[in-house]
Amino acid sequence: MLAALLAMSAIAIVLGAVLGYSAIKFRVEGNPLADKIDAVLPQTQCGQCGYPGCRPYADAIANGEADINLCPPGGEEGIQKLAELLGVEPKPFGSDAQPKPKSVAFIDENTCIGCTLCIQACPVDAISGAAKQMHTIIAAECTGCELCLPPCPVDCISMLPIEENVTNWKWKYPVFALRPSK
Amino acid sequence: MSALFKFNGGVHPPTHKAESTTTPIAVLPLPTRLVVPFRQHAGDAATPIVKPGDHVLKGQLIGEPQGFVSSAVHAPTSGFIESIGPHPVAHPSGLPDICAVLIPDGKETWIEKVAVDYRNTPVAELRDHLRISGIVGLGGATFPSDIKLRPLRGHSIQNIEVLILNGAECEPYITCDDMLMRERATEVVRGGEILRFMLGAGKVLIGIEDNKPEAIAAMRAAVAAGNLPFEVVSIPTLYPSGSAKQLIRVLTGREVPSGQLPTDIGVQCFNVATAYSVARCFEQGEPMLSRIVTVTGNVTQPRNYEVLLGTPIADLLAHSQPKTDTRGYLMGGPMMGTPLPSTDVPLVKASNCFIAISDALFPAPPATLPCIRCGRCAEACPADLQPMDLYWFARAKDFGKTQSYHLFDCIECGACAYVCPSHIPLVQYYRFAKSEIRAREQDKLAADRARERHEYREFRMEREKREKEEKLRAKERAAQAAKPATSDEAPTASDAAAEARRKIQDALAQAKAQSAEAQPRNTENLTPEQQADIAEIEARRARIRELAKSDVEAPKE
């Protein structure tokens, strides 16, 4: 009887020690779920979700504080991916958060006064310029977040939808009638 | 004669090659206007280096390669650049692309042509020469040839054992390679020898389908005349044996593994027309300016033409006289070609064939029916895929699944759609899925870059804040350190203050003395009335001063 109790206790202690040691040794830094969510988000850093960037939104979703339908730049597909990742039902966008066509900002260089306010607002450093010098958008890096629009005192920034050209053109989904129409 | 191997599937569509091989290759007269696109190759468009109004010579470089996968573009004839800008091109989208419009001066003045002695030139220089000469694969993919001759993925180029020259030309209607081999076999073989030399390959196999006996005979004669250890292999006619991977399988029995390149198994493959261009490039010093193209289908005079790149298709078609019931044109063959958006577009390096379409030759396909999962497409697929599953996943937009079913091993040959009893346009689904997946990969890359930039910005702002705080703290520390110092040096400081005060007093005294010495000039030689006035004013001012003094000082007391 005593031997059995001692044996069981010894096993419990050893296993407990192993678990305790592994918890320290194999500790995962950060929140892996938030990382996965962040990987799905489009990284426009636009703040349309109400959080100051994609990473804070990912953290909020991971902590169960935010819904998955708050990211218009991600589109319906982004919701699908988040739903799949989190194992929940996809939800439609709210009426105030509808996806827009992908755009890049454009600075009208004749109007720009070189105030640097947009440079300070750009979350991805996609505007180059200096005080009292004309500013310009680095189109390849612009995420189309529109955060540079409100600070501009002379309204010289506009959003231009990305036009289809030979390099970004995609084959369309084939549409055909299953039966000839008469 | 080495033993031949087989690949799975394949189809036997009617070849329709006899129509366009009855007459020799014709050289098209100089058109009145050429439109030269800067993107005639796989990869990035060339950068224009000429301006509107410039006079260019035949063979002059007008577009420099930009990026790793890119190639050069040259003026196909001498003349003036009219404009540079977007122009409709032969692209399935019908969208315009950047082109140079060249008005020929009719003189055909060449640049100075420099032949290259390839045997005594480093291979790296030869590759650069191919790149700047705009040599790209003419089989249809227009992949820059210099990259195919480069050691990639850690392989040394010496690993290439077999060079294959692809003269299979398996697609129906197209005969441009056939006619090239018949008429210019010597140069094709010489080009093959240059490519063999650059790769250091030991063996050269020239694969030609057995429905081209004249081409096989001409090539064998050229090989014998050149006394080269090449082997011209007649392969069974079976679509798509002209696809690089399938031809490699047929000739060597080796299979290119999924996601790998032929060089990974020691084989490299070039089209015969590419070999011909390579020979012209090194022996004559001519960059790629023209190509041989088949015009066939619903035309009165089907034949092959040697045409300058940039020639408007309408000019070319006019020489073959399309019949009145023509309802459109295909660029490429009937299996893999795409409809031309208009005949206003220019001929490019990828244009191997133009087919006039009529209802009689190409009847509208019967209505599409649902997939019955008969599996005939899988039997026909030369890439050993399961087209019915790929179709299913592409239709459901389940792109992850299409990739796990190896969608990117699909060569879009169309054999599956050809045998499909339900007439489903399968290849369209695969193209759709492939371009969606590519777009997603691009988006993913852009998102990763944006994340990195955003994180760096946050880091930078944090760092700036920290630095500012540190500076502030350092200032405070300095101020604190300065305080006890002032009490220590108090006597000297007060000495300095006393010194300063004395200096100021001295200066004031000096100023007073000066003003006392200086007599105002307007006070001399005055009349008695004026002096009386002055005395009166002075008295008044003195009174006011007294009043002011008492007023100001009164509240003080």
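In chain B, the axes of α3(B) and helix α6 (residues 272–284) come within 7 Å and cross at roughly 55°. Axes here are lines fitted to C-alpha atoms, for helices over the stretch in contact, and angles run from 0 to 180 degrees between N-to-C directions. α3(B) and α6(B) are therefore oblique to each other. Angles under 35 degrees count as roughly parallel, over 145 as roughly antiparallel, 65 to 115 as roughly perpendicular, and the rest as oblique. The crossing of α3(B) past α6(B) is left-handed. A crossing is left-handed if the near helix is turned anticlockwise from the far one by less than a right angle, and right-handed if clockwise.

This is a predicted model: local features need pLDDT of at least 70, side-chain atom pairs count only at pLDDT 80 or more, and totals for chains, interfaces and linings use all residues. Residues are numbered from 1 along each chain as its sequence is written, while chains are lettered from A and ligands numbered from 1 in the order in which they are written.

From α3(B) come residues including B:Leu180, B:Met181, B:Val188 and B:Leu195. From α6(B) come residues including B:Val272, B:Tyr276 and B:Phe282. The contact of α3(B) with α6(B) divides into 13 nonpolar, 2 polar and 6 charged residues. Ala, Val, Leu, Ile, Met, Phe, Trp, Tyr, Cys and Pro count as nonpolar, Asp, Glu, Lys and Arg as charged, and the others, Gly among them, as polar. Two residues are in contact if their C-beta atoms, placed from the backbone, lie within 7 Å.

Next comes the sheet of chain B. It is open, has 6 strands in the order β1-β14-β13-β17-β15-β16, and its pairing is mixed. Its edge strands are β1 (26–27) and β16 (338–339), each pairing on one side only. Two strands pair if DSSP finds at least two bridges between them. Helices (H or I, at least four residues) and strands (E, at least two) are DSSP runs, numbered from the N terminus. Strands β13 (residues 290–297) and β14 (residues 303–308) of chain B run antiparallel, joined by 6 bridges. B:Val293 faces B:Tyr305 of β14(B) across the pair.

| Helix of chain B | Residues | Angle to a strand |
|---|---|---|
| α3 | 176–199 | about 125° to β13(B) |
| α7 | 313–320 | about 150° to β14(B) |

Now the domains, whose bounds come from an automatic or database domain assignment. Chain B has domain 1 (18–30 + 116–357) and domain 2 (368–480). Their C-alpha centres are separated by 32 Å. The contact uses 7 residues of domain 1 of chain B and 9 residues of domain 2 of chain B. Chain A is split into domain 1 (32–86) and domain 2 (101–163). Here the C-alpha centres lie 25 Å apart. Domain 1 of chain A gives 6 residues to the contact, and domain 2 of chain A gives 7 residues.

Chain A also has a helix pair. Helix α2 (residues 32–40) and helix α4 (residues 75–86) have axes that come within 10 Å and cross at roughly 160°. That makes α2(A) roughly antiparallel to α4(A). Their crossing is right-handed. Among the contact residues are A:Ile37 of α2(A) and A:Leu82 of α4(A).

How many residues of chain A are in contact with chain B? The contact joins 24 residues of chain A to 23 residues of chain B. On the chain A side, 12 are nonpolar, 6 polar and 6 charged.
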